[in-house]
Amino acid sequence: MGLTVERNRLLQELTAFCEAHPVDEKILLVPSFQTGIQILDALARSGSAHLNLRPATVFSLAHGVAGPALAAAGRETLSRAQLLALVEDACDQVLEPSSYFGALRERPGLHRALQSTLNEIRRVGLTPEQLPSEALEDPRKAREMKAIGRSYRDALEAGTFADPLDVLAAATRMLGENAGLRLAPAVRVLRPEGFELSALESTFLDALLPHPATPLPVDVPEDPPLTPDRVFLVCASGEENEVRAVFRRIVDEKIPLDSVEIAITDDAAYRPLVYELAQQAGFPCTFADGIPATFSRPAQGVLDVLDWIAGGYQVRALARLFGAGRANLAAAHPHGALVGPVRAARAFRRAGIVRGRERTRARLSLDRARLERRAAAEGLEPEAIAERLVPLDAVAAWVDRLLAITPVPDLEGRVDLAALAHAGLALTDLLDVASRLDGMAREGLARLFAEFAALPPRKLPLAEAAARLREAVETLAVASSTPLPGHAHVARIAAAGWSGRGHTFVLGLDEARFPGGGAQDPVLLDHEREAVNERIGSRLLPPRRGTAAEESRRALASLLARTRGLLVLSYSNRDFLQDAEQFPSSAVLEVFRTLEGRPRASFRDLFEREDAPAAFRPAGEPLDEIEWWLAALHAPQTDPRRASREVETAYPWIADGREAAEARQSPAFTKWDGRLSVTPGELDPRVTREPTSASRLQLLAKSPRAYFLKYILGLSEPDEDRAVDVWLDALEYGRLFHDTAFDFFTERMDPDVPFDLVRETTRLLKVADRNLARMRGEIPPPSEVAFRTQRDSFLADLDVFIKGEAKSAATSVPRFFEVPFGRSRGNAGKDLASAEPLEIPADGGTFLLEGKIDRIDSEGAGAWAVWDYKTGSERQFKDSMPLNRGRQIQHALYARAAKVLLRRSGFAVESLRSGYYFPTRKGGARRVVPPVSDADVDATLKNLFDLLAAGAFPHSTAKRDCAYCDFRMACGDPESAARWSKAKCDSGEPLLEALRALEGRRG
């Protein structure tokens, strides 16, 4: 690395030993190879030769003894992830729902805790079978721990597997049987003081070494002393600013990255944060524990697919995968590289899959056929049609590959975990790699899935199997590295300080994180450990309460002792997520007391001496553009007005936002409020002759701004998460009802035959069963419970419906159903249907109306009734407001449309009423016919069309209109937006005259 190292006590002792034994073979016992490599590298950079010195862990020495024999016997040493999977399998086999651990048997936390406790028992030289049952508070616990231990052992032996403790035990046994396997007497084994061994490790080393290991003294906390010239305490506002403070000091003091090590207390919080900020600021870093794989595109893509599987094959997860560009479409289609993320996601969403494995490919095929027909109808050449279909074809080909590798659940919805891991292994080839990290992540994922795929078969519920692999992916780290030239190095406290770097930054020394909690072992409680120790006559199992905290304190003390050069200890004084104040750890106070030479100094003394917390606004050189702006805007000499102009010049959209905010709060009706500059008639259907619909006009009456967003700009509402325990949403349920009612009526042999409730109920149920099966095929339910729940609800609604039909049969006869005009009609309503929109009279001209009438009943000679099914409640329909200011104008428009259709087909129309039919339990089979006059309808239509003609699309003046608006998030606070809009409407603005007239209507 080019930078010399000041030797600490360990390096000094190593140097002396190497000088005294220059050619002897020397083994340095270390907790990990990373630590050993750093020590040897620091030793070399300090100018010391270390010929024949090599680092070794206890496990590596044991593997050197037993590894060849285990390999010859066909036994494979499993990884931690594989061993945890065996513990899970043991829990599945042993635990019953009513057993001691039964309620938690599917919880990953229980599996990890059991694995940790069982390993601890074995490390101290015991076996689960040796646990005295009477020492545990519940005999069932002892029985289950022993049974899980046996099942785990049986799985290892059946699969010819071994775990690290097996390797240690086998090596110890082999050394007892063959003294020739011991190390040669000339080999010098060095053991740094403080390097702790378990009972099993100590037994192994006693058997391996011909003579005791040579102890190497290490630094103690008092040596070297902590002095103000090399130790600094730093406070920061939030964890991000702790990290930023490190990088700022590096820049301000021009510290070489080779000289920097960052030690972290909270790996989950700080490692991702350091990585992200280092990437943004351009600081190369190495990470002792690697980089979370979830920062890579392949890992994110795998998580998307696992979410897709766990969620019952809902499209949202795959749409997210395509939209983020994580799919390697070129791996599935020759032209896939030409399809960008946006086009891919749009093509996938447009297929209307919703969810379901079987439905996914079928809907993609149907959408392709639809697009192909449309392109052919436009007269496109075959080559142009093929080019237009490339995005959908590439997505479909990729989905085909995905479906081919994904195992199909059995009839119970279960899948083999190893088979799903095989699918994950194949999936890595279908995901995009755009960086070095992506490449390493793909390799790491392949290794991870290969480990799971090598395990014995294990059937799990589909969602549970996906969740198990998801957890493994989320904990996967890649690119683990020792310190490299030109890089800052990041490690946890216990693994830091070995490289001899001259600048060490310790992050996360707030009281919430350090030294951490002291919880008991959740499996073997402290009082149970004491009871076990009493009965076996040994202190093998120490209490766990406070152990983690004490280990953290020792790790920090050792780090401070072995480091040389600059030391910066920092903590965050603010938790931004909880909006709460944080305080420094007691360890920070102890360091402060040492630096000040005041053993009785308090936290108040510390706060009085500390500098201002590091914040987002830098005191020195900014790290990025954001920091530069913050520093410039808050400089003492900065004129706020000039600063505002400079920001808006650099970022014009901020100026637009400010202007829009000011305009919306003013009484003037501006372009920011929906005022369009349009030519007369440009948007008026009476002039443009563009067909409109009742739903469009009702949306215009309810919220002109929502109309503008949907129909003028062509925006679509954001996707919503589908509830995991619900089969059909409201629209799908409504379609099921409409289809069932249509089939029921159109399949009647003779509608004039007297209505028989029993006969018609039987027939309706047959139609319902058929449509339920069809809908289930189109939209597979998330579970059988979800299907049955909604099926029973649907059948209960049909019971209300058929009884309502029996009641009305004496006075009316249903005649026409699903009658379209200006829309695709198929066979529905063929007697009245119109391929073209209908011309409807309106004040100031006519307009073209398109839509579909749910049902038209005959009520006698020349008497008709038009009904629109509503599967909700009728509470919103009030006789006092039959048109609800245009928000409920559909029945009036459909009355006019029905007259045109009936008379066009030769039917006499003497009277016609139009309303809403509520045929479900919510509506009680009630029918509502709002009383309206032609004058009211004409006046309301005129107001709506005049609003369009004026190009005025303000926000609704009523907050309640925002409750179910698809574009609510685009308007900010509904109450404020409605209040501002009402003020503009009341201001007398001429363009809003139509809105004022509409809002003032009583009907």
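Mentor: Let us start with a cysteine, C965, which is partly exposed, with a relative accessible area of 22%, where partly exposed covers the range between buried, under 20% relative accessible area, and exposed, over 50%, with a 1.4 Å probe and protein chains only. This is a predicted model, in which local features need pLDDT of at least 70 and side-chain atom pairs count only at pLDDT 80 or more, while totals for chains, interfaces and linings use all residues. Residues are numbered from 1 along each chain as its sequence is written, and side-chain values use heavy atoms, with hydrogens and water left out.

A disulfide is a pair of cysteine sulfur atoms within 2.5 Å, and by this rule the count comes to zero disulfides. C965 is in no disulfide, and the nearest cysteine sulfur, that of C971, lies 6.2 Å away. Another cysteine, C18, is buried, with a relative accessible area of 5%.

The protein has 36 helices and 25 strands, counted as DSSP runs, with helices being H or I of at least four residues and strands being E of at least two, numbered from the N terminus. Of the contacts (heavy atoms within 4.5 Å) with a separation of 6 or more, 75% are between residues 24 or more positions apart. Taken along the principal axes, the C-alpha atoms of the protein fill a box of roughly 120 × 75 × 60 Å.
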